Amino acid sequence: MSLMGIPTTHRDVIAWQEAMVLVAEVYRVTARFPHDELLGLTAQIRQAALSVPSRLAEGTTRETVHELVRFLGMSCGSIAALETQLEIAVRLGYLAADAAAVTRTRRVGVLLSTLREALRKEAIEERSLGNGARANAKPRGKYVRASRSRLRSQVTDHGSRSSTW
């Protein structure tokens, strides 16, 4: 983290940190699933969980806010798939409805959605700065870097208030 508390890598983003905890929780809980589910539901749940922080990390290394938003969309898709698969596990009796993996999945989903929406607005600003330039244009100097960090910081600050999420 930088001196001013602004995230400098994906490791500083609360959504990524929470997603990493989610992956560990998913692996713990799926280890108790029936052995005959190893290549089925267990593998699907683990893959969806792995995709969330992986896509978020990949997106933060991209050149434009628009690209980051696209990767956040992929992470949101993985969270939706994971929620569905965990619901199936609950219905099959493999998992309690109030399991930590279920509640953490919802929390990570909220964090990702909040970050995505904030950065989606930033992507619109980025496009308008280009006065009709292509949507995937490179960031325009200090403005984009500073505002991208500012938005990440806002989400990080909101995410740290666990009682409101």
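## The α2–α3 pair

In this predicted model, helices α2 and α3 cross in a left-handed sense, a crossing being left-handed if the near helix is turned anticlockwise from the far one by less than a right angle, and right-handed if clockwise. Helices here are DSSP runs (H or I, at least four residues), as strands are (E, at least two), and the elements are numbered from the N terminus.

Sorted by class, the contact of α2 with α3 comprises 15 nonpolar, seven polar and two charged residues; Ala, Val, Leu, Ile, Met, Phe, Trp, Tyr, Cys and Pro count as nonpolar, Asp, Glu, Lys and Arg as charged, and the others, Gly among them, as polar.

## Basis of the model

Residues are numbered from 1 along each chain as its sequence is written, and side-chain values use heavy atoms, with hydrogens and water left out. Because the model is predicted, local features need pLDDT of at least 70 and side-chain atom pairs count only at pLDDT 80 or more, whereas totals for chains, interfaces and linings use all residues.

## Overall architecture

The protein contains five helices and zero strands, and its elements, read from the N terminus, follow the order α-α-α-α-α. Of its 165 residues, 44% are buried, where buried means under 20% relative accessible area, exposed over 50%, and partly exposed in between (1.4 Å probe, protein chains only). The accessible surface amounts to about 8,800 Å², and carbon and sulfur atoms account for 54% of that surface; these areas come from the Shrake-Rupley method with a 1.4 Å probe, and for residues only the protein chains shown count as cover. When contacts between residues at least 6 apart in sequence are considered, 69% of them join residues at least 24 apart.

## The α1–α2 pair

Helix α1 (residues 14-30) packs against helix α2 (residues 41-60) with the axes 9 Å apart and at an angle of about 165°. That angle is why α1 is described as roughly antiparallel to α2. The crossing of α1 and α2 is left-handed, and the contact of α1 with α2 is made up, by class, of 14 nonpolar, two polar and one charged residues. From α1, the residues A15, W16, A19, M20, V23, V26, Y27 and T30 meet T42, I45, R46, A49, L50, V52, P53, L56 and A57 from α2.

W16, which lies in α1, is buried at 10% relative accessibility. Apart from neighbours within four places in sequence, W16 is in contact with H10, R11, P53, L56 and A57, and its C-alpha atom is separated by 9.2 Å from that of L111, which is 95 residues away along the chain.

## Selected residues of α3

S78 belongs to helix α3 and is buried, its relative accessible area being 13%. Once residues up to four places away in sequence are set aside, S78 touches A48, S51 and V52.

F71 is likewise found in helix α3 and counts as buried at 5% relative accessibility. With neighbours within four places in sequence left aside, F71 is in contact with R55, E58, G59 and R62, while the C-alpha atoms of F71 and T60, eleven residues apart along the chain, are separated by 8.4 Å.

## The α3–α4 loop and α4

A97 is located in the loop between α3 and α4 and is exposed, with 52% relative accessibility. Neighbours within four places in sequence aside, A97 is in contact with V90 and V102, and its C-alpha atom stands 7.7 Å from that of E87, ten residues away along the chain.

R120, in helix α4 (residues 100-129), counts as partly exposed at 32% relative accessibility. R120 and V65, although 55 residues apart in sequence, have a C-alpha to C-alpha separation of 7.8 Å.

Terms used:
Contact means heavy atoms within 4.5 Å. Axes are lines fitted to C-alpha atoms, for helices over the stretch in contact, and angles run from 0 to 180 degrees between N-to-C directions. Angles under 35 degrees count as roughly parallel, over 145 as roughly antiparallel, 65 to 115 as roughly perpendicular and the rest as oblique.
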